[in-house]
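Subject: Structure handover

Hello,

Here is the structure you were waiting for. My notes follow below it.

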Amino acid sequence: MVTLSINNQKVVVPEDTTVLEAARQINVNIPTLCHLEGLENYGSCRICVVEIEGEPRLSPSCMRTVSEGMEISTNSKRVLKARRMIIQLLLANHAENCPTCERSQNCELQQLAFELGVRENHFVNMVNKVPLDMSGPAIIRDPNKCISCGRCIRMCHQIQSVGAIDFMNHGTDIMVTTALNKGLGNVECINCGQCIHVCPVGAITEKPHVDAVWAAIQDNTKHVVVQAAPSIRAALGEELGLAPGTLVTGKMYAALRRLGFDAVLDTNFAADLTIMEEASELVQRIKNGGILPQLTSCCPGWIKFAEHFYPDLLPNISSCKSPQQMFGSLVKTYYAQQKKVEPAAIISVSVMPCTAKKFEAQRPEMNASGFRDVDYVLTTRELTRMIKESGLDFAGLPDEQADRLMSRYTGAATIFGTTGGVMEAALRTVYKLITDTELSHLEVQPVRGLEGIKEAKVNINGMTVKIAVAHGMANARILLEQIRSGVSPYHFIEIMACPGGCVGGGGQPIGYDMVLRSTRGKVLYSEDTKLPLRRSHDNTEIKEVYKNFLGEPLSHKSHELLHTTYINRRNKK
Amino acid sequence: MEELLLKNIRKTNYQNISVYVADGGYQALKKSLFMKPEDILNEVKKSCLTGRSAAFPVATKWSLTRQNSARPKYIVCNADEGEPGCFKDRLLLSRDPHRLLEAMIITGYTVGSQQGYIYIRGEYTNESQIVENAISQAEENGYLGENILGSGFSFHIRVYQGAGSYVAGEETALLRSMAGFRPSPGIRPPYPVKYGYLGKPTVVNNVETLVNIPTIVLNGGDWFSEIGNPDYPGTKLFCLSGNVNRPGVYELPFGVTLGELINEYGYGVRGELKAILPGGVASGLVTDLNIKMDYKSLAKVNSLLGPGVVIVMNKDVDIIAISIHTLEFFARESCGKCSVCREGIRAGLTIMNRFARNEAELGDIELLKTLRRLMYDTANCVLGQAALNATVSAIRLFRNEFESRVRNQSVW
């Protein structure tokens with residue numbers, strides 16, 4: 001243990017503690033910018049500098065480990081002056097269009113400038129305007145706002161093991177960009193959007209579909225159908241005046257209806273449908289000696305990751321489309337038929353916790369209905385903005401029901417939104433398919449929680465089914481390497497690109513806060529226990545769609561509408 | 001005085017190992033291999049040899065690396081001579097490459113390393129080729145490689161060529177560059193002696209420092225410690241350039257005055273003296289010819305010795321242009337990681353350009369000084385800490401030139 005003094009207050013901490021951590025232990029807050037809990041320390045922004053007695057220069061507290069007898073001041077005149085000036089310097093090379101910035105009032109630089117008392121800037125703004133990177137299908141990068149803190153890079157490399165972005169050039173020309181400045185649309189970016197969560201400013205945002213959706217709603221010749229993903233109901237309330245951890249399913253339906261959507265449906269219906277198809281596929285693979293382990297396919301970020309980095313494992317991935325796309329292809333066929341609406345007049349909108357879903361909806365093969373299966377994808381943040389824009393008092397809305405036909409769901413569907421949820425949901429139906437009896441104990445505790453890789457064994461009729469769950473692509477890589485080298489013991493693996501699963505998706509309210517993500521997950525688990533039906537195969541609307549339209553899981557029609565193929569992107573020029 | 005460092009550079013064909021050996025080359029290595037490593041270390045300690053860029057005692061660096069139990073250990077020769085106006089290592093690399101190899105092998109033997117690297121600046125293609133040839137010759141003749149001269153000691157040297165980055169000359173950045181990363185200076189501690197190349201204990205020494213080693217081994221540490229300035233024994237190479245009549249590399253003891261260097265060796269200033277950058281672009285300008293060229297004396301006048309790069313400027317030189325020139329250099333060569341360095345240089349350059357256009361505000365002078373203070377206080381490495389040194393020293397010495405460029409406010 002090491003004893004030191006911070007602002008004349010004694011603190012005893014273990015060796016290797018940083019000064020920043022030591023200060024936080026005694027509730028002394030040191031402002032930070034490039035530092036972020038969960039990412040490696042980097043030490044580039046210098047905002048967290050402190051004065052150490054006897055040293056000629058200030059020292060960055062995030063990088064500096066404590067030593068015996070250190071006397072530290074975190075708020076001396078010299079320190080405060082330095083911090084103010086650093087903020088001024090950063091602002092001088094930052095496109096200061098704060099009022100119109102998407103991150104206005106949710107920007108760490110803006111907040112620091114305010115909190116540190118920066119009320120003027122001695123340095124004139126010298127931003128050298130460069131074009132935005134609009135090449136990606138889901139994510140826009142604005143280098144004019146970038147402050148080169150490197151958080152997005154560390155996220156992309158360390159947590160996601162993708163490495164689509166890095167620093168290029170040096171000196172004052174340094175910039176975050178893709179390989180050869182080709183743009184996010186032309187490199188291995190998987191569109192997971194985790195970089196958006198860690199960006200302290202508005203340099204990375206989703207490609208907005210808000211205006212297109214408004215236009216569709218206002219067009220009377222269009223029948224605008226909306227679906228909302230499982231994890232939206234666990235996060236939408238956060239920026240609309242409700243406490244984190246509030247389930248807002250009923251208010252969400254009410255809000256969507258008031259925004260003017262012609263039909264308010266639910267992706268959860270399609271999640272149950274996905275389980276029917278994916279569980280059947282797994283049972284078929286196990287019974288017929290097919291390729292195992294089967295990998296889940298509902299995460300479009302993970303799919304693109306596999307297409308770039310593990311094309312040899314594409315046969316392991318379930319051929320099932322994601323719930324969003326299953327819903328999309330049914331809405332312009334089954335729904336159109338049942339509701340007697342011209343499919344061409346339908347605009348299919350989804351609300352997703354995800355940026356990669358924007359990419360998925362644009363994949364050329366996603367047109368099984370004969371039309372674009374999903375026309376527009378809104379993130380949770382975009383829906384939040386639409387609700388605010390339209391002046392709805394979200395917290396005061398009544399709980400309403402969704403419209404019939406494609407909205408009823410079971411507990412199995414709702415837990416899709418969190419890591420491990422797809423696995424649990426699938427097991428409930430796999431058990432039924434193999435044994436023709438119902439699984440009595442529905443919760444599989446070992447696959448819950450925020451451990452990077454979770455595994456469990458489930459006994460089904462004397463057969464031990466080995467399963468694993470990974471979230472965050474660096475974790476998934478470990479399981480994928482096992483498969484590649486032929487030592488994977490598993491039958492079924494669930495992979496979600498974002499840490500925490502969809503509750504932490506790239507389209508959710510901003511922040512890389514694993515505790516909050518876990519809270520959202522718990523909301524979904526709790527909804528599961530409260531729903532009357534908890535197994536996908538019990539869903540009455542699912543029974544209807546098979547009886548009236550699809551026939552049975554893995555039928556010819558199912559294959560046509562609900563299954564897909566993947567592309568080897570490794571050698572794509 | 002007798003030349004220790006440059007003694008061989010005028011000899012013909014000295015890059016050839018047979019010429020080097022015939023002239024007594026690799027004798028120090030032979031002697032070393034019969035000595036105990038701790039005895040060599042002791043001689044180096046007695047010599048009081050310090051690193052020629054930051055004045056850190058060589059023996060201390062070596063013994064810290066030697067004591068470390070981690071394996072393997074590496075010897076890295078810093079030949080990334082990127083300082084503008086610095087051309088001394090180049091001379092040694094191209095004219096006396098075997099002495100550097102010999103020094104590195106002795107260093108490896110002393111600290112317990114079997115692998116050395118020479119990090120040569122990217123632009124030095126010719127020098128790099130000469131060193132590569134010397135390595136092959138040394139290997140063919142048994143001075144380098146497995147079981148050197150039958151002693152059982154093995155040592156290998158490989159050349160690593162940088163891509164031409166100035167900041168890669170900073171040792172932690174250099175080691176990162178060698179490992180395949182961007183050359184951005186690391187946070188110290190830990191120092192390379194503990195956590196160096198690939199995370200292993202590493203001795204990083206400059207070419208000029210290392211070349212002293214064979215001489216010390218042959219003549220003993222005591223002999224070396226009596227040469228030149230008692231505070232900093234041995235000799236120093238000074239690269240003299242700018243408005244002088246005879247620019248070049250001069251080997252002189254520490255503590256020689258600027259006046260002696262410029263007038264006696266450089267045959268005087270071409271034109272009338274205005275200012276001198278005594279330690280490269282990171283040092284502060286000076287005007288006093290009586291200043292002694294050693295670490296302490298230059299620190300006293302808010303400047304630094306750096307690698308011994310003396311750039312002389314006469315009255316034709318515009319001090320504003322010089323400040324802008326140094327800042328443009330740093331803007332290009334900073335690694336760009338630290339916010340204060342990157343943005344501070346950008347801001348400094350913006351302000352200086354206002355002076356160049358006669359559009360500066362009176363407050364800009366104070367702003368530059370405050371900015372320099374901030375950068376010294378908070379930048380991670382010496383590049384950022386020193387980027388505004390030349391500018392602020394120019395303000396101190398030639399304030400009237402700055403004031404004359406302030407926008408005339410009495411328009412009415």
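**The sheet in chain A**

A:Ile453 sits opposite A:Ala470 of strand β16(A). Before going on, the ground rules: this is a predicted model, where local features need pLDDT of at least 70, side-chain atom pairs count only at pLDDT 80 or more, and totals for chains, interfaces and linings use all residues. Residues are numbered from 1 along each chain as its sequence is written, chains are lettered from A and ligands numbered from 1 in the order in which they are written, and side-chain values use heavy atoms, with hydrogens and water left out.

Helices (H or I, at least four residues) and strands (E, at least two) are DSSP runs, numbered from the N terminus. Two strands pair if DSSP finds at least two bridges between them.

Strand β15 (residues 453-460) of chain A is joined by eight bridges to β16 (residues 463-471) of chain A. The two run antiparallel. Two residues lie between the strands of this hairpin, and A:Asn461 takes a positive phi near 55 degrees there.

On to the next strand. β16(A) is joined to β17 (residues 492-496) of chain A by five bridges, and this pair is parallel. A:Ala470 has A:Ile495 as its bridge partner in β17(A). The open sheet has four strands of chain A in the order β12-β17-β16-β15, with mixed pairing. β12 (294-295) and β15 of chain A are the edge strands; each has a single partner strand, so one side of each is left without a neighbour in the sheet.

**A bent helix**

Helix α10 (residues 323-339) of chain A has 17 residues. Where does α10(A) bend? The bend is at A:Val331, by about 50 degrees (the angle between axes fitted to the seven residues ending there and the seven starting there). Of the 17 residues of α10(A), 14 are buried (buried is under 20% relative accessible area, exposed over 50%, partly exposed in between, with a 1.4 Å probe and protein chains only). Just after α10(A), A:Lys340 has a positive phi of about 55 degrees.

**Cavities and a pocket**

The search uses a 1 Å grid over the protein atoms alone. A cavity is a set of points where a 1.4 Å probe fits but cannot get out; a pocket is an open set with protein on both sides within 12 Å along at least five of seven lines. Lining residues have an atom within 4 Å of a point. Points are joined across faces, edges and corners, and a volume is the space filled by probe spheres set on them.

There are seven cavities of 30 Å³ or more. The largest cavity has a volume of about 290 Å³. Its lining has 26 residues, with A:Cys298, A:Cys299, A:Pro353, A:Lys357 and A:Cys502 nearest the centre. α8 (267-287), α9 (300-309), α10 and α11 (356-362) of chain A each give two or more residues to that lining. By class, the lining of the largest cavity has 18 nonpolar, seven polar and one charged residues (Ala, Val, Leu, Ile, Met, Phe, Trp, Tyr, Cys and Pro are nonpolar, Asp, Glu, Lys and Arg charged, the others, Gly among them, polar).

The second largest pocket has a volume of about 490 Å³. Among its 20 lining residues, A:Asn93, A:Asn128, A:Thr172, A:Ile174 and B:Arg346 are the closest to its centre. Both β8 (175-178) of chain A and α15 (339-356) of chain B give two or more residues to the lining. α15(B) gives the most, with three.

**Backbone points to check**

Most residues other than glycine have a negative phi, and most peptide bonds are trans. The exceptions below are worth a look.

- A cis peptide bond joins A:Leu292 and A:Pro293, with omega about -5 degrees. A:Pro293 is in the loop between α8 and β12 of chain A.
- The bond from B:Arg71 to B:Pro72 is also cis, with omega near -10 degrees.
- A:Asn8 has a positive phi of about 65 degrees and is exposed, at 77% relative accessibility.
- A:Ser161 has a positive phi of about 50 degrees but is buried, at 14%.

Best wishes

Notes: The expected span of a helix is 1.5 Å times one less than its number of residues.
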